[in-house]
Amino acid sequence: MKIILSIAWRNLWRNKRRSLVVISSISLGIFAMILSMGIMNGMNRQMVENTISTSLGHIAVHRAGFQDNMKLEYNFFPSEKIIAAVEKEKRVKAYAPRIKSQCMLRSSEASRGVMIVGIDPEREKKLTKIYEYMLKDKESAFLSGPGDDAILISKSLAKRLDLLVGDKLVLMIQDREKEIVGVGMTVRGLFESPVDSFDQFVAFTGLSTLQKLTGLEKNISEINILLYNKEDVDQVKAGLLEGLADKNLEVLSWKDMAPSLVSAVKLFDTMMYIFFAIVFITVIFSIANTLIMAIMERFHEIGVMKSIGTRPNRIFSMVMMEAAGLAFVGLAAGVALGGAVTALLSVTGIDLSFYMESMRSLGTGSVIYPAIKAMDIFMAMVIVLVTTIIAALYPAVKAARIKPLDALHYI
Amino acid sequence: MSIIAIENLEKEYNTNGIVVRAVRGVDLSIEPGEFSAIAGPSGSGKTTLLNIIGGLDRPTGGVVKVGGRDLSSMTAKELSDMRLQRIGFIFQAYNLIPVLSAIENVEYVLLLQGLGKEERTRRARAILTEVGLESEMNRLPRELSGGQQQRVAVARAIVSEPDIILADEPTANLDQATGAGLLDLMKGLNNSKKITFLFSTHDPMVMERAERLIYLTDGSVMSDTKKARGKRTGRSAAAKKRAPAKKK
Ligand SMILES: Nc1ncnc2c1ncn2[C@@H]1O[C@H](COP(=O)(O)OP(=O)(O)O)[C@@H](O)[C@H]1O
Ligand SMILES: [Mg+2]
């Protein structure tokens with residue numbers, strides 16, 4: 001009913017200060033929710049994207065058992081049948097063969113156990129971002145081809161091993177006969193990815209070089225696959241499994257390969273919900289409190305309204321509308337502010353490197369780009385409205401039950 | 001038929017074990033078109049009586065019929081609707097919804113009754129003009145004087161053309177002249193619209209203008225006198241134009 005709505009609306013502005021306190025607490029809550037959701041989304045997305053773009057790709061084909069052991073003996077021959085199955089899939093953007101094995105890198109200063117990855121540089125460029133992560137100074141260069149026998153290590157590993165571009169190191173690795181073989185390699189280039197653990201533990205050399213060194217000949221450890229669209233992962237994975245129909249092979253998505261990443265994302269989401277719950281409880285109390293005060297103040301006039309024939313349900317609606325009014329104004333302000341700030345930060349990024357080197361160890365990189373999802377904003381709005389309704393129920397019922405007689409005494 | 005019929009009405013208040021008999025065995029009938037006052041000292045039960053007639057309070061004994069219907073048989077919602085359709089209330093003060101302008105306050109009851117916009121505005125304007133507030137229609141209650149506020153309350157009580165208007169000490173917060181003006185206004189409406197007025201008062205000026213004076217003491221009717229019309233002074237223009245009295 002329109003008149004009740006306009007009474008409710010005008011009532012809102014009778015005690016401007018009190019209403020503004022509630023409105024700003026709602027909008028602050030919403031603002032904080034949108035921004036923190038944005039940051040969490042951004043972090044999650046960056047964590048996932050970085051993992052995909054540094055090493056995993058979206059899908060990998062291995063010899064069954066490789067994922068659990070990551071040993072050289074789990075290798076396979078990339079037969080035409082396998083390649084054809086991958087190439088047939090239209091959602092595949094790029095794929096590349098690799099060898100992955102544990103090894104030891106030794107300089108004159110120190111030694112480190114790392115994962116050495118044998119790559120086909122041209123294919124790898126299309127699959128992962130390792131080429132983009134290469135330092136752009138003159139000395140640092142990428143591998144020239146699968147037969148390149150130089151090595152790429154990260155800037156931080158180079159520092160630990162006290163190596164510069166052009167220096168030599170020794171790589172020691174178990175070959176397929178479980179003999180330790182060692183070979184001298186030149187550091188061809190340095191890279192720096194957003195993921196600290198990746199930088200600490202991964203190095204690259206040519207695929208054929210590693211095949212020769214380990215005696216794998218034409219065999220490889222994995223084929224990594226990048227899709228046009230990440231969302232297609234499960235479908236393509238299932239399709240490949242069926243197309244390959246080979247019990248000796250396993251086909252894994254990035255979620256299978258990085259279960260800890262998936263659980264980290266889940267953990268962040270849970271933290272988010274706890275934070276939201278706190279915001280909602282604040283909103284509930286501030287709205288309920290304000291409405292109860294407002295009703296106590298207007299005891300008499302509610303009595304007048306009832307004594308001239310206003311039914312209780314209309315009084316109930318009036319209070320609900322006042323609550324909705326507070327919520328809507330707060331929401332509008334909060335969404336506008338939160339949306340604007342988050343949108344701005346999603347372009348500029350939030351540089352956390354100055355106080356949190358450990359952000360890199362989260363695998364997000366040190367600059368977070370908040371990402372807003374329309375669905376999240378929508379959810380936040382729905383939740384605040386629902387919360388408001390819950391908060392207003394008690395005061396509204398109380399107001400509807402005011403006895404005109406008691407209220408009339410009360411001036 | 002009496003528009004208000006009260007038989008052996010009792011009302012007791014029990015506050016922490018202390019029982020107050022606010023109304024004691026009142027018999028009273030009010031005929032349509034009356035302009036009557038319930039007088040009596042403070043605490044004599046005037047407000048209680050009016051509240052019971054208006055269905056705002058329930059009696060502890062006796063029977064109250066309004067327009068032939070026994071109030072004790074009505075639900076809270078029915079009582080609410082009765083107040084909306086058949087009874088207009090005017091209280092001592094603070095009668096209006098503070099966030100609504102004078103005309104909106106008057107329109108409010110018509111809205112509750114479900115009247116259309118044009119009809120509402122037309123009737124609200126007409127009635128506010130009648131009570132002499134044509135230039136104050138868009139003011140909020142707090143921008144009006146006490147007398148003007150009471151006039152809006154009268155306009156609101158009357159706009160829905162109820163059968164009865166119950167006014168609880170309507171002039172108590174007004175000065176003598178303003179109170180007299182308000183009473184003349186009510187008398188004029190009583191004549192022109194044939195609405196029954198029942199008000200409470202302990203103001204001699206009001207008692208003097210009433211056509212029937214019911215005197216309460218300690219919750220009982222001490223005297224009930226009907227006065228001949230025409231003896232009063234200070235009648236409004238509307239009152240002067242009225243049709244010949246139905247009652248003497
Ligand atoms: N809600 C109430 N609770 C207890 N006692 C009441 C209540 N209302 C009125 N009374 C008592 O009933 C008596 C009549 O009061 P009231 O009808 O207000 O008288 P009047 O309007 O003539 O001044 C008084 O003694 C008053 O104290
Ligand atoms: Mg009284």
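The model is predicted, so to speak of local features takes pLDDT of at least 70 and side-chain atom pairs count only at pLDDT 80 or more, while totals for chains, interfaces and linings use all residues. Residues are numbered from 1 along each chain as its sequence is written, chains are lettered from A and ligands numbered from 1 in the order in which they are written, and side-chain values use heavy atoms, with hydrogens and water left out.

**Where chain A meets chain B**

- On the chain A side, 22 residues are in contact with 24 residues of chain B (contact means heavy atoms within 4.5 Å).
- About 2,100 Å² is buried between chain A and chain B, and carbon and sulfur atoms give 67% of that; buried area is the accessible area (1.4 Å probe) that two parts lose on being put together, summed over both.
- Two salt bridges are counted between chain A and chain B (a side-chain nitrogen of Lys or Arg within 4 Å of a carboxyl oxygen of Asp or Glu).
- Arg311(A) and Asp81(B) form a salt bridge, with their closest N and O atoms 2.7 Å apart.
- Six residue pairs, both at pLDDT 80 or more, are in polar contact between chain A and chain B; that term means a pair of N or O atoms within 3.5 Å, where within protein one must be able to donate a hydrogen and the other to accept it, and residues adjacent in sequence count only if both atoms are side-chain atoms.
- H12(A) gives the most to the side of chain A that touches chain B, with six residues (helices are DSSP runs of H or I, at least four residues, and strands of E, at least two, numbered from the N terminus).

**Around ligand 1**

- Residues around ligand 1 include Tyr13(B), Pro41(B) and Lys46(B), counted if one of their heavy atoms lies within 4 Å of it.
- A side-chain N or O atom of Thr47(B) sits 2.6 Å from an oxygen atom of ligand 1.
- For Lys46(B), a polar side-chain atom is 2.9 Å from an oxygen atom of ligand 1.
- Gly45(B) uses a backbone N or O atom, 3.1 Å from an oxygen atom of ligand 1.
- H1(B) gives the most to the shell around ligand 1, with three residues.

**Salt bridges overall**

- Over all chains, a search of the whole structure finds 30 salt bridges.
- One of them joins Lys255(A) and Asp234(A), whose closest N and O atoms are 3.3 Å apart.
- Lys255(A) lies in helix H10 (residues 254-257) of chain A and Asp234(A) in helix H9 (residues 233-244) of chain A, so this pair ties together parts 21 residues apart in sequence.
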